[in-house]
Amino acid sequence: MIAVGMLIEWVETEYMERILWINPSYTECYVIRLNSPFEEQVFFPHLRQVEAISSALNEDAAIVRQIDPYVRFNVSSLSPSTVKQEENNKAWELIKDLVVDEPDIYNEKLRWAAICDHMKLSGATAKTYYKYLRRYWAGGKLISAVSQAHFRKGGKGKKKSHNGNKLGRPSRLSKGINVPAGVNITEDIERIFGLSVKQFYLPKKRKSLPKSYDEMIAKYFSVGDLKDKEGNKIPLLPPKEELPTFASFKAWYYRTYNARERSINNEGMRKHNLKRRAVLNSAIDEHFGPGSIYQIDATIGDVYLVSRFDRTRLIGRPVIYVVIDAFSRLIVGMYVGLEGPSWTGARMALANAFENKVDYCKQYGISINEEQWPVHHLPKAIIADNAELKSKASDNVVGGLHTPLLNAAPYRADWKPYVEQMFNLLNVKAIKWLPGAVHKRQRERGEKDYRLDGKMTLDEFTKCIIETVLEHNLEKYMDYYEMDKDMIAAHVSPYPTDLWNWGIPHRGGGLRTFPSDFVRFHLMPKDEATVTREGIRYEDMYYSCETAIREAWFEQAASTGKWKIQISYDFRSTDVIYIQAKNRQGFERCELTGRSARYKGTTLEEARDYNEIAKINRELSGTRTQQSKTEYSAKRNAIIDEATQKTNAELNRSDKSNTARTKEIRNNRREEKEVNRETEKFDIGKKLSSQDISKVIELPRKEEDTNDILRPKTNKRDTFLNVLEDLDE
């Protein structure tokens, strides 16, 4: 059913018509043809049959436009003193008495007669009346449509069109003397603007916008080069009135790049995301209940501590890890130590978050009950920096404890705002007032070094942090917390512990809890060790356990070869590694064997250093070993060469055949043995001189009775020795 004001679009011709008036019998209507809303061609109302329009709609020859591009909302009425509103009122006064005369105003002859009467009274031209009437009809017969379509005009931030004349304010020089008024910004100049912005303004080591403009003018608008006294080329510029102005360059930049793009160009993506990005969502929507998200982060405590063993020794600043529940802002875990920021410190904080707090506080002499710190649960997910939790060591949290780790983008502290705010709270409430606290201001000359004021040990500082955490959880009234309607209806006070306790029955269901040993085992890093004949080898250290001995792992490795097993370890101690039980119901300790006792009491890093030093020493000893081998070989070869020369000389002088020489081996051996016995025998107080030895060797003998002189009487013993001598030969 058609109605007044309806916008009809004809499918084939693609022009539109607005229905201005329908007769009481619903048979005829006046319409006005409309083209693009950005064109003001002269079309006037004409008569149509209602049935024809209805049939066209039913046959899909025409459609009713649901989005009306000609209707403009009257926002000017909010500020009636504006120029636009005054212009609209003035235009409406001219036609308000004409438009009410329906349907006569739509008749061409009657309309002209009425306009002539009004022109005599107002002094306005017929063109003005027709312009306002058409705007009124085209805009849905709304008063706000009468004024000029200012959105079609140029203005701040909008591109202007030109017909060759200078746009904008002419230069001051053109008013007094005969110089050009300036240049219009053409498409070619805009391309130069775009290239210059990318070349001078957007790089990391960028220039300011005015400096980029200067660089652009020098590079792209110079008409030649001049040389100074030193021979340097200086760009020669045309007159200023022939150059685009900085205002035009700046206007183009602001028109081309929106606020977000300009912010990124000025400060970079990191600072924009942190400080300038749009914040549209409520944080409470992202964290539906307790344990939905835990946020974890670390900071260096702004205080200097002393050693527990010798309070005169400063040990530097501690590392503080905090784990906070995003829903309730309850601090669910913490760690204060000297490890980190690293996975070691992070897993200590997570272990604390997942364990009973009563026992933890008791270690530091603080007595609490379960209600004061009611957290020993695993969350649905953990969000942390893109640092220590992004490692293979942390994969066990995902695999073993089934808790996803979400890493925030680098430099995006706003992704975990609650834990970041907590560090500020700890500093203001606890750390700032402690002895040895870091002073932000620069120390004046002669003033005492604040580091020397350190008085607290690590345990004492941890105790202070625990008390601060308990006070926050129980007494921190968060008037900034965004309470939803369920919390308000239940009269929940915005205290962290109250929100946690209310959320457990109303928003919980995702929290989980496990035994302490199970949690700690899965927080340990994992690696592979090798089962060998000597033991379970890891980092050149050897371990053993009851299962390995009972099942003869080491004998099997000696027989069939080595194999790999998965272990868990704590790099702070090499005394023990852990293997998972075969039934997957627990784990088993593996302790160092005797051959690796030297590693007992060391950290894994110390053990690695020891092994590395040993390898370096072996490498360094290589030169010495090689030198020793070379010297030994040279000396041995010299002895061999000398002996060879002497023997060859004797052989050359001798006329004995090779056969005769081999037959004399037994007799020669006996003679040599007797001489050796004389020289080697124990004769205390007297030693055989070289002359005596010579006499023995040079005994006169005859060829036929030599054997009789030296050979003793034969007995059973000599017969046995003769057999041995034959074997030697």
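Why is helix H11 (residues 343–353) largely enclosed by the rest of the structure? I counted 10 of its 11 residues as buried, so the rest of the structure largely encloses H11. Buried here is under 20% relative accessible area, exposed over 50%, and partly exposed in between (1.4 Å probe, protein chains only). Helices (H or I, at least four residues) and strands (E, at least two) are DSSP runs, numbered from the N terminus. Among the buried residues of H11 are Trp343, Arg347 and Asn352.

Notes on the source. The model is predicted: local features need pLDDT of at least 70, side-chain atom pairs count only at pLDDT 80 or more, and totals for chains, interfaces and linings use all residues. Residues are numbered from 1 along each chain as its sequence is written, and side-chain values use heavy atoms, with hydrogens and water left out.

Next I looked up strand E12 (residues 331–337). I found 7 of its 7 residues buried, so E12 is largely enclosed by the rest of the structure. E12 pairs with strand E11 (residues 319–325) in the antiparallel sense over 6 bridges; pairing requires at least two DSSP bridges between two strands. Tyr335 in E12 is the bridge partner of Tyr321.

Then I searched for aromatic pairs and got 20 in the whole structure. Rings of Phe, Tyr and Trp (its six-membered ring) pair if their centres lie within 6.5 Å; planes under 30 degrees apart count as stacked, over 60 as edge-to-face and the rest as tilted. Phe521 and Phe587 have ring centres 5.4 Å apart and planes at 5 degrees, so I logged the pair as stacked. Phe521 is buried at 7% relative accessible area, whereas Phe587 is partly exposed at 36%.
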